[in-house]
Amino acid sequence: MLEDKTPQKTDIASLGEFGLIEHLTEHFKINHTSTVKAVGDDCAVLDANGLKTLITTDLLVEGVHFNLSYMPLKHLGYKAVMVNLSDVYAMNADASQITVSIALSNRFPLEAVEELYSGILLACEKYNIDLIGGDTTSSTTGLLISVTAIGHSDAKKITYRNTAKENDLLVVSGDLGAAYLGFQVLEREKQVFEVDPNNQPDLDAYTYLIERQLKPEARKDIVRILSDLDVVPTSMIDISDGLSSEIIHLCKQSKVGCNLYEEKIPLDPQVISVCEEFDLNSTTVALSGGEDYELLFTITQSDFDKIKGNPHLTVIGHMTDANSGMNLITRGANQSVPLTAQGWNALLDKDKEE
């Protein structure tokens, strides 16, 4: 007998809203004592035991923030969680709970939504996060995902954007630009496929870039590293819209200037080689690409010896007085060029993912 290879598709309407929620969340476990009540009631109940509570939310919309022609649903679920956890870690705090709300059209069977939630589950398990609630509804425009993340921290450790000081050192985690280039590679291959559906892309040379785009990791480890080193940043932000945009946010809110040194910007070798292939300037990609989800922060000069030599951290500049402006000090020529915010704007640019 021939095997039936037609995938089973279950109509979501057959479960109903509460049945769907129960089905999708049955494998999520509770890990935090601060979670008193999770999914299954009108409200979640939390007890932070005297710690400050942090809340952040992001909305991801099909056709604006992601393209399902090359974004697997499992990766999308994972990434939707990372986007929010990154905001909590950018406050020098620990994330502990999330809520997930989705709106989906009738083109998505139950199996597709299960795949989405398998990515959310993987993120929760890896980052020790409790899923405590959310909502589901129908959509006439495709898939929408809204994730809210909740975190906790001692008040003395919470780090804001508006507290950088003149002469503080500017530090970044990881490397920059790879996620944007991953997006460019995927867009190129999508266009090739549309012309010739029989074409099978060879993406082995772009593995790191594509992973940074489709399955980014929030930098929880940096919060722990800073704590172990006894370093409390003077300001902090995550890099979602491009390095230049985030530096400008820090400077404007802290009322300081900045010198960013081009030669210090950390770039992965694959970024450099693919920039050459695409005829792109690697500095421009790092400054304006976005979606790196690295942490950008400032520290006092007295803390430099604590982070010096750490492979996860790079000092890329320093803060100056506000009248000096926000400047890029170029490689070689050592010229000072004003920084401009050219990162992606979700309200204007419909062709690039956030």
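Q: A residue counts as exposed when its relative accessible area is over 50%, and as buried when that area is under 20%. In this predicted model, is Lys255 buried or exposed?
A: Lys255 lies in the loop that joins helix H7 (243-254) to strand E9 (257-261). The relative accessible area of Lys255 is 66%. Because the cut-off for this class is over 50%, Lys255 is classed as exposed.

Q: What is the phi value of Lys255?
A: Lys255 is a residue other than glycine, yet its phi is positive. The value for Lys255 is near 60°.

Q: Which loop holds Tyr293, and is Tyr293 buried or exposed?
A: Tyr293 is not a glycine, but it has a positive phi of about 55°. Its position is the loop between helix H9 (282-288) and strand E10 (295-299). The relative accessibility of Tyr293 is 2%, and because the limit is under 20%, Tyr293 is buried.

Q: How many helices and strands does the protein have?
A: The protein comprises 354 residues, of which 51% are buried. Among contacts with a separation of 6 or more, 86% are between residues 24 or more positions apart. The secondary structure consists of ten helices and 13 strands.

Q: Where is Thr56, and which residues does it contact beyond its neighbours within four places in sequence?
A: An unreviewed UniProt entry places the feature "binding site" at Asp42, Thr56 and Asp87. Thr56 is located in strand E3 (residues 52-61), and its relative accessibility of 18% makes it buried. Once neighbours within four places in sequence are left aside, the contacts of Thr56 are Asn84, Asp87, Val88, Val147, Thr148 and Ala149.

Q: Is His65 buried or exposed?
A: The "binding site" annotation of an unreviewed UniProt entry also covers His65, together with Glu291 and Trp344. His65 sits in the loop between E3 and H2. Its relative accessibility is 11%, and because the limit is under 20%, His65 is buried.

Q: What is the C-alpha to C-alpha distance between Lys79 and Leu60?
A: Lys79 belongs to helix H2 and is buried, with a relative accessible area of 5%. In sequence, Lys79 and Leu60 are 19 residues apart. In space, their C-alpha atoms are apart by 10.0 Å.

Q: What distance separates the C-alpha atoms of Gly332 and Glu262?
A: Gly332 is found in the loop between strand E12 (326-329) and strand E13 (336-338), where it is exposed with a relative accessible area of 75%. Along the chain, Gly332 and Glu262 are 70 residues apart. Their C-alpha atoms are separated by 9.3 Å.

Q: At roughly what angle do the axes of H4 and H8 cross, and what is the handedness of the crossing?
A: Two packed helices are described by the angle between their axes and by the distance between those axes. The axes of H4 (residues 178-195) and H8 (residues 269-278) come within 10 Å and cross at roughly 45°, which means that H4 is oblique to H8.

Q: Which residues make the contact of H4 with H8?
A: By class, the residues of this contact are seven nonpolar, one polar and two charged. H4 supplies Ala178, Leu181, Gln184, Val185 and Arg188. H8 supplies Val271, Val274, Cys275, Glu277 and Phe278.

Q: Which residues of H5 meet H4?
A: The contact of H4 with H5 has ten nonpolar, two polar and one charged residues. On the H4 side are Ala178, Ala179, Leu181, Gly182, Phe183, Val185 and Leu186. On the H5 side are Tyr208, Leu209, Ile210, Arg212, Gln213 and Leu214.

Q: Against which helices do the buried residues of H5 pack?
A: Helix H5 (residues 207-214) has Leu209, Ile210, Arg212, Gln213 and Leu214 as its buried residues. These buried residues pack against helix H2 (73-89), H4 and H8.

Terms used:
Residues are numbered from 1 along each chain as its sequence is written. This is a predicted model: local features need pLDDT of at least 70, side-chain atom pairs count only at pLDDT 80 or more; totals for chains, interfaces and linings use all residues. Side-chain values use heavy atoms; hydrogens and water are left out. Axes are lines fitted to C-alpha atoms, for helices over the stretch in contact, and angles run from 0 to 180 degrees between N-to-C directions. Helices (H or I, at least four residues) and strands (E, at least two) are DSSP runs, numbered from the N terminus. Angles under 35 degrees count as roughly parallel, over 145 as roughly antiparallel, 65 to 115 as roughly perpendicular and the rest as oblique. Contact means heavy atoms within 4.5 Å. Ala, Val, Leu, Ile, Met, Phe, Trp, Tyr, Cys and Pro count as nonpolar, Asp, Glu, Lys and Arg as charged, and the others, Gly among them, as polar. UniProt positions are given in the numbering used here, feature names are shortened, and annotations may be inferred rather than shown by experiment. Buried means under 20% relative accessible area, exposed over 50%, partly exposed in between (1.4 Å probe, protein chains only).
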